[in-house]
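Welcome, and please have a look at the model below.

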Amino acid sequence: MEVRYVAVFKLRGANGLPGDDPLGFFEAENPNITASMTAAPEPYFEHIDRSRALGVQLLSGLFVDKKEGTPEERLATETARIQSEGQGKKSASTGVYLVFEGSDDIDPPEFKTRRDRDDFAISLDDVPKGELRKPFKAAIESVLAGAALSLPAQADKKVEEIGSVLYFVDPEKGIPIYLYNFQMGSASAYVSGPVGEEFAAEVTALAESLAAVPVLERPVRLLLSSLQVDADSLPAFISAWSALEIFVNATFKSRYEEKWFAIMEEGAPDSSTPIFERFKDVMSDKYRIVDKFLVITAILDPDGAAEDVKSFKTLKAIRDNMFHKFDMLPDHLPIEDVQTLFIKYLKLHLQSILAEGV
């Protein structure tokens, strides 16, 4: 049986899409999923809005035929109301939306609560929706992270999930079987700018690089968690810092420790090789997190290393005071400072890998 997944995110750091609309820029297989950008997301909301309307109608007795109109007619009325409200909100401001469309084939589930009408069916808790979404998750997270990395430094990096829906397609009737899955975000002020084909190409390159490095999956997921617009300050800060810390530890061990010793050995006489081997042995378990970050910054951005290490130490002090000294939370947690630092070096890290063709 075919599973279809549609998810729409608002890219808060973008407010215009010159050129093609929609602009397709990413696709992957197993499962099939594509990503595109658009300034007009309404066509992608057909099943999202119907799913929302169906949820509302279920609460008021959708399948009670004694009510005025058939279930299909009541669903159509509620869908039109939701679409009208959504279009009113979208018309108030311009924006750019990331649209994901995925499909997969699974063995037909055993339906116990399925109810069918002429044009649709519903299924309540017959299938673990989280398991159905899981195959699409890595590609979506890679693209969302690639978008955050590709936006200008001053742009808002947050992403807002406007809506999503996961549903089956009945192989015989061809009707959708709705499983209920959607979220709405909240509105706030943010800085944004136009994006286009160059931006899309960079997102694709970075997303593909991220997908090819499994060790970055967890820090990327934590980054995206901190970038959700409805994230509370403390959870967002913890997620962002954890993402940065995991990234530093993982990439230092796998890439930058060796590069650092290579830099130090360059130009040294061959006779000094035993000394460097001794250094490696002695320092193998002696590096502090600040030491590792310093090495990474010195390699990826020598000019900005001193300032970034200073910022890193300040952020670490806040984190340590919270976790070790149990200090009261400051009035303002520097969540964006942590996100900015991680995004900068994650992007530089991926670019260095692309440049070397590794």
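## Helix 4 and its surroundings

The buried residues of helix 4 pack against strand 1 (2–11), strand 3, strand 4, helix 3, helix 5 (217–227) and helix 10. Keep in mind while you explore that this is a predicted model. The residues of helix 4 that count as buried are Phe-199, Ala-200, Val-203, Thr-204, Leu-206, Ala-207, Ser-209 and Leu-210.

## The chain as a whole

Stepping back, the protein chain holds 10 helices and 10 strands. It has 358 residues, and 48% of them are buried. Its exposed surface comes to about 18300 Å², with carbon and sulfur atoms supplying 52% of that area.

Take the contacts between residues at least 6 apart in sequence: 78% of them join residues at least 24 apart.

The largest nonpolar core contains 82 residues, and the ones with the most contacts inside it are Phe-25, Met-37, Leu-98, Phe-100, Leu-244 and Leu-346. Helix 6 (residues 233–265) gives the most to this core, contributing 11 residues. Apart from it lies another core, made of 15 residues, including Tyr-44, Leu-54, Val-99 and Phe-120.

Beyond residues up to four places away in sequence, Phe-100 touches Tyr-5, Val-6, Ala-7, Phe-9, Ile-33, Thr-34, Ala-35, Ile-140, Val-143 and Leu-144.

## Ile-140 and helix 3

One of those partners, Ile-140, sits in helix 3. Is Ile-140 buried or exposed? Its relative accessibility is 6%, so Ile-140 counts as buried, the cut-off being under 20%. Setting aside neighbours within four places in sequence, Ile-140 is in contact with Tyr-5, Phe-9, Ile-33 and Phe-100. Between Ile-140 and Ile-33 there are 107 residues of separation along the chain, yet their C-alpha atoms are 8.6 Å apart.

Helix 3 (residues 129–150) also meets helix 10 (residues 335–356): their axes come within 9 Å and cross at roughly 105 degrees. An angle from 65 to 115 degrees counts as roughly perpendicular, so that is how helix 3 lies to helix 10. On the helix 3 side the contact uses Ala-148, Leu-149 and Ser-150, while helix 10 brings Ile-343, Leu-346, Lys-347 and Leu-350.

## Helix 9

Helix 9 (residues 305–323) has 19 residues and reaches 26 Å from its first C-alpha to its last, close to the 27 Å expected at 1.5 Å a residue. Buried within helix 9 are Ala-305, Asp-308, Val-309, Phe-312, Leu-315, Ile-318, Arg-319, Asp-320 and Met-322.

## Backbone spots to check

Most peptide bonds are trans, and most residues other than glycine have a negative phi. Which bonds here are cis? One runs from Asp-21 to Pro-22, with omega near 5 degrees, and Pro-22 is in the loop between strand 2 (14–16) and strand 3 (23–28). Another joins Asn-30 and Pro-31, where omega is about 5 degrees.

Asn-30 lies in the loop between strand 3 and strand 4, and its phi is positive, near 55 degrees. Its relative accessibility is 76%, which is over the 50% cut-off, so Asn-30 counts as exposed. Pro-31, found in the loop between strand 3 and strand 4 (32–38), is buried because its relative accessible area is 8%. Away from its neighbours within four places in sequence, Pro-31 is in contact with Ser-103, Asp-104, Pro-135 and Phe-136.

## A loop residue: Thr-113

Thr-113 belongs to the loop between strand 5 (96–105) and strand 6 (115–116). With a relative accessible area of 33%, Thr-113 is partly exposed. Its contacts, leaving aside neighbours within four places in sequence, are Ile-122, Ser-123, Leu-124 and Asp-126. The C-alpha atoms of Thr-113 and Leu-124 are separated by 5.9 Å, with the two residues 11 apart along the chain.

How values were computed: Residues are numbered from 1 along each chain as its sequence is written. This is a predicted model: local features need pLDDT of at least 70, side-chain atom pairs count only at pLDDT 80 or more; totals for chains, interfaces and linings use all residues. Side-chain values use heavy atoms; hydrogens and water are left out. Helices (H or I, at least four residues) and strands (E, at least two) are DSSP runs, numbered from the N terminus. Buried means under 20% relative accessible area, exposed over 50%, partly exposed in between (1.4 Å probe, protein chains only). Contact means heavy atoms within 4.5 Å. Accessible areas come from the Shrake-Rupley method with a 1.4 Å probe; for residues, only the protein chains shown count as cover. A nonpolar core is a set of buried Ala, Val, Leu, Ile, Met, Phe, Trp, Tyr and Cys residues joined through side-chain atoms within 4.5 Å. The expected span of a helix is 1.5 Å times one less than its number of residues. Axes are lines fitted to C-alpha atoms, for helices over the stretch in contact, and angles run from 0 to 180 degrees between N-to-C directions. Angles under 35 degrees count as roughly parallel, over 145 as roughly antiparallel, 65 to 115 as roughly perpendicular and the rest as oblique.
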